Amino acid sequence: MKNPITYLQNIGTYFIMIKDIFRRPTKWSVMKPLILKDIDDLIIGSIGIVAFISFFVGGVVAIQTSLNMTSPIMPKYLVGFATRQSIILEFAPTFISIIMAGKVGSFITSSIGTMRVTEQIDALEVMGINGINYLVFPKFIALTLYPFVISIAMFLGILGGLMACVYGGYGTMEDYIEGVQLDFIPFHFIYAFIKTFVFAFLLATIPSYYGYFMKGGALEVGKASTTSFVWTSVMIILVNFLLTSLLLG
């Protein structure tokens with residue numbers, strides 16, 4: 001087991017890294033193509049898997065809700081209501097973020113870690129470039145578009161529930177849509193997107209930290225990717241609990 005001092009040192013180094021992201025910025029002419037590449041890799045490249053998972057999980061939520069409504073006095077529109085609440089409040093912002101910690105987080109850690117192993121980061125620092133700003137800032141800016149991915153997950157999750165409900169014979173389209181519209185609270189959307197912005201920050205910085213400060217060779221790159229996924233997921237779950245307590249408690 002690690003010494004508690006090591007954890008404190010890691011936390012301190014992480015916050016110093018966050019400060020250094022915005023220190024001695026790289027020229028915009030150099031930064032712009034890096035940001036566009038990271039948007040393509042981290043955001044656009046993730047839409048496919050997010051859309052696939054969201055659609056079918058939305059369908060599963062609708063089917064499970066319908067199958068568990070055994071009482072005849074329970075109205076059919078509750079399927080749509082339960083699906084909407086599950087998708088908007090928890091599934092889209094939180095569980096998609098944990099999936100993205102595996103996809104995006106591992107990609108960030110391995111790409112920066114490989115640069116560390118091949119001494120490209122050392123070369124940047126020798127040239128007087130702020131390596132943390134050069135490598136992490138584009139990923140931070142790219143992931144400010146992460147709420148766009150989550151909004152797609154919300155839409156397709158609810159659509160998947162509708163398709164499963166109607167074509168699986170679990171209810172009518174009218175009942176499902178009535179449930180989706182029932183007692184809608186606009187603040188739930190605000191709450192979901194506040195969480196999403198915080199999770200995007202964690203997704204950009206924690207994997208970058210483990211990639212940038214890793215030591216060793218190619219084997220350690222794989223270990224750093226695994227560690228970054230674990231700690232990003234843990235922090236997402238903890239922050240989710242805190243934000244839910246603060247915003248909805």
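Me: Which residue forms a salt bridge with D122?

Reply: This is a predicted model, in which local features need pLDDT of at least 70, side-chain atom pairs count only at pLDDT 80 or more, and totals for chains, interfaces and linings use all residues. Residues are numbered from 1 along each chain as its sequence is written, and side-chain values use heavy atoms, with hydrogens and water left out. A salt bridge is a side-chain nitrogen of Lys or Arg within 4 Å of a carboxyl oxygen of Asp or Glu. The closest N and O atoms are 3.1 Å apart for D122 and its partner, R116.

Me: Is R116 buried or exposed?

Reply: Buried means under 20% relative accessible area, exposed over 50%, and partly exposed in between (1.4 Å probe, protein chains only). D122, at 33%, is partly exposed. R116 has a relative accessible area of 19%, so R116 is buried.

Me: How many residues apart are K37 and D41 in helix α2?

Reply: Helices (H or I, at least four residues) and strands (E, at least two) are DSSP runs, numbered from the N terminus. K37 and D41 form a salt bridge with closest N and O atoms 2.8 Å apart. Both are in helix α2 (residues 28-68), separated by about one helical turn because their spacing in that helix is four residues.

Me: Which residue forms a salt bridge with R23?

Reply: R23 is partly exposed, at 37% relative accessible area. Its partner has its closest atom, N to O, at 2.9 Å, and is D20.

Me: What is the relative accessible area of N133?

Reply: N133 is found in helix α5 (residues 131-142). Contact means heavy atoms within 4.5 Å; not counting residues up to four places away in sequence, N133 touches D20, I21, R23, R24, P25, T26, M31 and P138. N133 is buried, with a value of 2%.

Me: Which helix gives the most to the nonpolar patch?

Reply: Patches are made of residues with over 30% relative accessible area and no salt bridge; like charges are joined within 9 Å, nonpolar side chains (Val, Leu, Ile, Met, Phe, Trp, Tyr) within 5 Å. The patch consists of Y7, F229, V230, W231, V234 and L238, with about 480 Å² of accessible area together (Shrake-Rupley method, 1.4 Å probe, only the protein chains shown counting as cover for residues). Five of its residues come from residues 218-248, which is helix α9.

Me: How many helices does the protein chain have?

Reply: The pattern along the sequence is α-α-α-α-α-α-α-α-α. There are zero strands, and the helices come to nine.
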